[in-house]
Amino acid sequence: MEKIALHIDGKLIQVVKGNSILNAARQSGIYIPTLCYHPKTGQAGKCRICVVEVERMPGLQVSCSLEAKNGMVIHTNTERITETRKMIVELYLSNGKHHCISCEANGVCELQEVAYYLGIEKSDFPVVEKDLPVDTSSPMIIRDMNKCIQCYRCIAGCNDITVNEVLDMGFRGNKMAVICDTNKPMGKSSCAVCGECVQLCPTGALTEKKAVGKGRAWETEKTETTCPYCGVGCRINLHVKDNEIIKVTGVEDVEPNYGALCIKGRFGYDFVHSPDRLKSPLLRKDGKLKEVSWEEALDFTAGRLSEIKKAHGPDAIVGIGCARSVNESNYVMMKFMRAVIGTNNVDHCART
Ligand code: SF4
Ligand code: SF4
Ligand code: SF4
């Protein structure tokens, strides 16, 4: 791969040709704030926070959409750049409804983070507070367009990553807003409730309904694990507070899902804490299922398998593997059927 060399903030940097200035800086540990850029949705060129100065180029340049070239000399942190970034963030804060104290995104909001980085306490512009109705029609997602900064990440995620093609930018001027289908409430639209848009949203404009009021980001512990639902084995993060899962997100940057999840993987975690969940084996006694110990259940099962094998031969028994089990468990089940029971009657639910 061809490499190029350039200077960013006085540091000589070598990167693979084709990278944007933003990526070249990131790879070298130089922070350039952004709001619309996300590695998964790519350059958007919408928020203009990532502007930099490139010597021998007029004006400020948008670093997420300008390719880094050999010999470029770039400055990312001059007074002019900081003033420009501050002005943009202050405009965002003045045009919307940003009450961080009550916002679910407080602590993980990228707008808040950039404002803090730039030392902005409040907007110098007159605040024109929006008062758009909050869309709570979806069973799992709350849409509050008063907090939307029109970064287009959700639109790119819905259309290009999950290819559900629900979201778009509608209307013009000050009325511009993200819409579902032909401006339907999300719960009445063709939304597949995958939550990809929520995961990509940099602010509190899109939030998980079930997590509202359950705990701040800094109060939760994040545990990475595998989704239990199907054989794809998506990587998920469990956000846990007081031993309770309050939210599930996809793990970015890793196979097989790169942060994306389906409705079950992202929102179907209530079963973990369900009081109806089976905690011990059940055995039918006198026509009724009764809780028994594992020893009793295993002894009974072994006895019945022996009886059936003796009476009808090993091929009267079949073993069906489970798509929710790990490979190792399915392997052991297969070995048990072939080596212990003595039959090749082995199958798997995912094959049918
Ligand atoms: S979206 Fe961000 S900036 Fe706006 S209220 Fe929520 S935390 Fe504050
Ligand atoms: S939840 Fe999924 S399908 Fe629905 S709008 Fe968001 S990205 Fe699109
Ligand atoms: S809803 Fe969120 S992701 Fe979508 S445009 Fe607004 S701020 Fe960006």
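**Reading salt bridges and surroundings**

Trainee: What does Glu224 count as at its relative accessibility?

Mentor: In this predicted model, Glu224 counts as partly exposed, at 44% relative accessibility, because that class runs between 20% and 50%. Arg235 is partly exposed too, at 23%.

Trainee: How does one read a salt bridge, and which residue forms one with Arg235?

Mentor: Side chains of opposite charge can pair when their charged atoms come close. Here Arg235 pairs with Glu224, with 3.2 Å between the closest N and O atoms.

Trainee: Which parts of the chain does the pair of Lys40 and Glu252 link?

Mentor: Their side chains meet in a salt bridge at 3.2 Å, N to O. The pair links distant parts of the chain, 212 residues apart: Lys40 is in the loop between helix H1 and strand S3, and Glu252 is in the loop between strand S14 and helix H6. Lys40 is partly exposed at 24%, as is Glu252 at 22%.

Trainee: How many salt bridges does the count come to?

Mentor: The count comes to 15.

Trainee: Which residues form a nonpolar patch on the surface?

Mentor: Leu278, Leu282 and Leu289 do, with about 300 Å² of accessible area together. Leu289 is in strand S16.

Methods. Residues are numbered from 1 along each chain as its sequence is written. Chains are lettered from A and ligands numbered from 1 in the order in which they are written. This is a predicted model: local features need pLDDT of at least 70, side-chain atom pairs count only at pLDDT 80 or more; totals for chains, interfaces and linings use all residues. Side-chain values use heavy atoms; hydrogens and water are left out. Patches are made of residues with over 30% relative accessible area and no salt bridge: like charges are joined within 9 Å, nonpolar side chains (Val, Leu, Ile, Met, Phe, Trp, Tyr) within 5 Å. Accessible areas come from the Shrake-Rupley method with a 1.4 Å probe; for residues, only the protein chains shown count as cover. A salt bridge is a side-chain nitrogen of Lys or Arg within 4 Å of a carboxyl oxygen of Asp or Glu. Helices (H or I, at least four residues) and strands (E, at least two) are DSSP runs, numbered from the N terminus. Buried means under 20% relative accessible area, exposed over 50%, partly exposed in between (1.4 Å probe, protein chains only).
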